[in-house]
Amino acid sequence: MTNINQLQEQAKQGNVQAQNHLGLLYLNGDNITQDFSKAWYWFNEAAKKGFEEARLNLGKMYREGLVQDYTD
């Protein structure tokens, strides 16, 4: 089981893998309340740093119509 607090701290420190993983947890509601805006935020943070998997996850969110008025 993923320690959410530890993952959030790593994501806040700029770890792109943690950011993407946290995005997936929020996207799917795995052991955390599902929140598409937070998923988008964390995917976007990692994508801005060039993390390809996060870019793909953002694309999936757009394709599936899960993105609203989220901004940088």
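Mentor: One definition before we start: axes are lines fitted to C-alpha atoms, for helices over the stretch in contact, and angles run from 0 to 180 degrees between N-to-C directions. Keep in mind that this is a predicted model.
Trainee: Okay! At what angle do α1 and α2 pack?
Mentor: Helix α1 (residues 4-12) and helix α2 (residues 16-28) pack at about 130°, and their axes are 8 Å apart. That angle makes α1 oblique to α2.
Trainee: And is the crossing left-handed or right-handed?
Mentor: The crossing of α1 and α2 is left-handed.
Trainee: Which residues make the contact?
Mentor: From α1 you have I4, L7, Q8, Q10 and A11, and from α2 A18, Q19, H21, L22, L25 and Y26. By class, that contact has seven nonpolar, four polar and no charged residues.
Trainee: Switching topic, how many residues are in the largest nonpolar core?
Mentor: The largest nonpolar core has 20 residues, and L22, L25 and Y26 are among those with the most contacts inside it. Each of α1, α2, α3 (36-48) and α4 (52-63) supplies at least two residues of this core.
Trainee: Which helix gives the most?
Mentor: That's α3, with six residues.
Trainee: What about I32, buried or exposed?
Mentor: I32 sits in the loop between α2 and α3. It counts as buried because its relative accessibility is 18%, and the cut-off for buried is under 20%.
Trainee: What does I32 touch?
Mentor: Leaving out residues up to four places away in sequence, I32 touches I4, Q8, L25 and Y26.

Note on methods. Residues are numbered from 1 along each chain as its sequence is written. This is a predicted model: local features need pLDDT of at least 70, side-chain atom pairs count only at pLDDT 80 or more; totals for chains, interfaces and linings use all residues. Side-chain values use heavy atoms; hydrogens and water are left out. Helices (H or I, at least four residues) and strands (E, at least two) are DSSP runs, numbered from the N terminus. Angles under 35 degrees count as roughly parallel, over 145 as roughly antiparallel, 65 to 115 as roughly perpendicular and the rest as oblique. A crossing is left-handed if the near helix is turned anticlockwise from the far one by less than a right angle, and right-handed if clockwise. Contact means heavy atoms within 4.5 Å. Ala, Val, Leu, Ile, Met, Phe, Trp, Tyr, Cys and Pro count as nonpolar, Asp, Glu, Lys and Arg as charged, and the others, Gly among them, as polar. A nonpolar core is a set of buried Ala, Val, Leu, Ile, Met, Phe, Trp, Tyr and Cys residues joined through side-chain atoms within 4.5 Å. Buried means under 20% relative accessible area, exposed over 50%, partly exposed in between (1.4 Å probe, protein chains only).
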